[in-house]
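Dear colleague,

Please find below the structure I promised to hand over, with its sequence. My notes on what was found in it follow directly after.

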Amino acid sequence: MLQFIAESNERYSIAETVQMAIEGGCRWIELHMPDSDDSEIRETASELIPLCRESGVFLTIENRPGLARELGLHGVVMTSLSTTALKFREDLGPEAIIGLRVATTPAVAAIQNADIDYVTLPPDMPVSAITQFMEELRPTGITTPVVATGDINLENAAAYMATGISGVATAAPAYAKDPVEYTSRLIEALEKSKC
């Protein structure tokens with residue numbers, strides 16, 4: 001499973017990268033605008049929401065649960081916790097997709113009763129550490145999907161998937177020569193590499 005991290009770059013607008021990711025077969029977009037104010041995010045989201053709706057693509061946002069609710073997005077991924085995970089579910093409702101960043105297996109166990117849909121790992125976590133994380137998680141019986149985040153691309157996708165994760169979140173396609181083709185090839189590589 002590919003979550004495309006939609007962020008600005010020198011070649012394309014966020015809307016252009018999202019359009020190309022969707023054309024390449026991506027079914028999940030994560031809006032990443034950490035340095036933008038709410039009005040900038042609303043403006044960008046107003047372009048993305050119709051694109052995602054007409055294609056049946058999930059659109060989530062990083063660290064802005066209030067905007068996710070206001071804009072009717074599919075959910076939020078929180079990279080740091082300022083409130084309890086249970087509060088996010090109460091605020092966003094039962095249909096929202098909620099992801100939380102964790103770095104340890106005890107952190108996953110701590111949120112088991114919080115109705116969280118998936119956990120995401122820190123972007124600087126190397127494959128060896130992800131392998132260890134997954135090995136520690138398996139005996140616990142916890143089945144929360146785990147998503148690796150960062151510079152995940154065609155060259156290293158198989159190594160990440162071999163750890164046993166459920167998917168990846170990356171902006172790599174937006175920096176490729178042909179983002180549409182790259183997205184398609186990356187999705188294919190992720191599917192082939194599933195454990």
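**Cavity, pocket and barrel**

The lining of the largest cavity is made up of 6 nonpolar residues and 2 polar ones, with no charged residue. Please bear in mind throughout that the model is a predicted one. The residues in question are Phe-4, Thr-17, Met-20, Ala-21, Pro-173, Ala-174, Pro-179 and Thr-183. Two elements, α1 (14-23) and α8, each give two or more residues to this lining, and α1 gives the most, with 3 residues. The volume of the largest cavity is about 40 Å³, and the count of cavities of 30 Å³ or more comes to 1.

The largest pocket has a volume of about 180 Å³. It is lined by 15 residues, of which Ile-5, His-32, Glu-62, Arg-101 and Thr-149 are the closest to its centre. By class, the pocket lining holds 5 nonpolar, 6 polar and 4 charged residues.

As to the fold, 8 strands close into a barrel, in the order β1-β2-β3-β4-β5-β6-β7-β8, with parallel pairing. On average, neighbouring strands of this sheet are turned by 25° against each other, direction ignored. Strand β1 (residues 2-6) and strand β8 (residues 167-170) run parallel and are joined by 3 bridges. Phe-4, one of the residues lining the largest cavity, has Thr-170 in β8 as its bridge partner. Helix α8 (residues 179-192) packs on the sheet, where it touches β1 and β8, and its direction makes about 145° with that of β1.

Strand β5 (residues 97-101) may also be of interest to you. How much of β5 is buried? The strand is mostly covered, with 4 of its 5 residues buried. On one side, β5 pairs with strand β4 (residues 75-78) in the parallel sense over 4 bridges; here Val-77 has Gly-99 as its bridge partner. Strand β6 (residues 118-120) also runs parallel to β5, and 3 bridges join the two. In β6, the partner of Gly-99 is Tyr-118.

**Individual residues**

Three residues deserve a separate note.

Ser-36 is found in the loop between β2 (28-31) and α2 (38-55). Its relative accessible area is 17%, so Ser-36 counts as buried, the cut-off being under 20%. Apart from its neighbours within four places in sequence, Ser-36 is in contact with Ile-41 and Arg-64.

Ser-46 is located in helix α2. Because its relative accessible area is 49%, Ser-46 is classed as partly exposed; a residue counts as exposed over 50%. In sequence Ser-46 and Ser-8 are 38 residues apart, while in space the distance is 15 Å, C-alpha to C-alpha.

Asn-63 lies in the loop between β3 (58-62) and α3 (65-71). Although it is not a glycine, Asn-63 has a positive phi of about 65°. Most residues other than glycine have a negative phi. With a relative accessible area of 26%, Asn-63 is partly exposed.

Yours sincerely

Key: Residues numbered from 1 in each chain as written. Predicted model: local features only at pLDDT ≥ 70, side-chain atom pairs only at ≥ 80, totals over all residues. Heavy atoms only, no water. Pairing = 2+ DSSP bridges. Axes fitted to C-alpha atoms, helices over the stretch in contact; angles between N-to-C directions. Contact = heavy atoms within 4.5 Å. Buried < 20%, exposed > 50% of the residue type's maximum accessible area, 1.4 Å probe, protein only. 1 Å grid on protein atoms, 1.4 Å probe; cavity = no way out; pocket = protein on both sides within 12 Å on 5 of 7 lines; lining within 4 Å. Points joined across faces, edges and corners; volume = space filled by probe spheres on them. Nonpolar A, V, L, I, M, F, W, Y, C, P; charged D, E, K, R; others polar.
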